[in-house]
Amino acid sequence: MTLVLFSSCKNNSDSEQPDSSIENRQEQIEKLKDSLIYPEETHFKSIEQITFGGDNAEAYWSFDDKQIVFQSNNTNWSVECDQMFLMNVGETFKDTVPPMISTGMGRTTCAYFLPDNKHIVYASTHLGGEKCPDAPLRKNGKYVWPIYDSYDIFVADLEGNITGQLTNEPGYDAEATVSPKGDKIVFTSTRSGDIELYTMNLDGSDVKQITNELGYDGGAFFSPDGTKIIFRASRPKTEEQITEYKKLLSEGLVQPTEMELFICNADGSGLRQLTFLGNANWSPFFHPSGKKILFSSNFEAERGFPFNLYMIDLDGKNLERITHGETFDAFPVFSNDGKKLIFSSNRNNGGGRDTNLFIAEWVD
């Protein structure tokens, strides 16, 4: 930035007025600040990168939009696998380390603020062992995700102290998110023998199963008014697909390369498929209006990448591409006031593998 500003100042004529020079500097700063936005990304007024290294994802706002919780495996932060970190909105972490608010043991995933803004829920494998469990990403040449049966869902304060355990059933319990109404949690579990969605109260009581079809149901979020749930799902249909799905599940694995978005009422009624795009459609989140869904997809890709963000109406119409990256954009989450969007992206990583967090000012 210094070199660019110096160059622009050097090229000013002696007769140029001081006000013009200041104006020119500000313009250069704004151009640099927004250079992370591709020209087609018209829904972004501005954008800021807030992490710089490792894999950073699953970033969620506190109910008052003042803080963000996210997971990272940045080795410069002395972690060996995903742990939970906290930041105040406005902070960036290039040369500093944010506070870790998980135990540092096992592997963690999917933290989410509770309505009091003083506690989070997240899933952790630490009761199954202090070390990070292996993370196989390939099985018979195909991309897979591990579904650890040692995951349970915990409540912790913002100093990292675990204050409660919400699940203790055998099998995978994770991917918990909280209704904007502040009364319910939706989560994913294998307690039925398949990967289904459940809801519960904030204290873990009144657990109800809300999906019951063969396939992986996960990554669920409530609508702004708490009446609907959007999620990703696989639906193996052929005998070969069903056999492969069940075999992988028995090994604690799932293949996430063919998923579509589904929507239902908060009690599971009115279930219907929203997208029919092919490939992987996932990480959905409601637009602040409650009338559209933002999600990540590679349906336009021939070889698995890129993943970009798209938006679609609740009736499956008016599909619109939001980001125009060449690698990976995913995990879009609106602030509660609807003014900002946080998401994970490979942009500006120097061609490496780092996935960082970005906050954009949103324009409808």
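This chat goes through the cavities and pockets of a predicted model.

Me: What are the ground rules here?
Reply: This is a predicted model, where local features need pLDDT of at least 70, side-chain atom pairs count only at pLDDT 80 or more, and totals for chains, interfaces and linings use all residues. Residues are numbered from 1 along each chain as its sequence is written, and side-chain values use heavy atoms, with hydrogens and water left out.

Me: How many cavities of 30 Å³ or more?
Reply: Two. A cavity is a set of points, on a 1 Å grid over the protein atoms alone, where a 1.4 Å probe fits but cannot get out. Points are joined across faces, edges and corners, and a volume is the space filled by probe spheres set on them.

Me: What volume does the largest cavity have?
Reply: About 100 Å³.

Me: Which residues line the largest cavity?
Reply: Among them are Glu58, Tyr60, Cys110, Glu175, Arg232, Ser283 and Phe331. Lining means having an atom within 4 Å of a point. Strand 2 (56-61), strand 12 (173-178) and strand 16 (217-222) give two or more residues each. Strands here are DSSP runs of E, at least two residues, and helices are runs of H or I, at least four, numbered from the N terminus.

Me: How do the residues of that lining divide?
Reply: Six nonpolar, three polar and three charged. Ala, Val, Leu, Ile, Met, Phe, Trp, Tyr, Cys and Pro count as nonpolar, Asp, Glu, Lys and Arg as charged, and the others, Gly among them, as polar.

Me: And the second largest cavity, how much space?
Reply: About 40 Å³. Its lining includes Glu58, Tyr60, Pro284, Phe285 and Val333. Strand 2, strand 21 (281-286) and strand 25 (329-334) each supply at least two residues.

Me: How does its lining divide?
Reply: Into 22 nonpolar, 15 polar and 12 charged.

Me: What about the second largest pocket?
Reply: About 430 Å³. The closest to its centre, of 18 lining residues, are Ser234, Arg235, Pro236, Gln241 and Glu258.

Me: Which element gives the most to that lining?
Reply: Helix 3, with four residues.

Definitions and conventions:
On a 1 Å grid over the protein atoms alone, a cavity is a set of points where a 1.4 Å probe fits but cannot get out, and a pocket is an open set with protein on both sides within 12 Å along at least five of seven lines; lining residues have an atom within 4 Å of a point.
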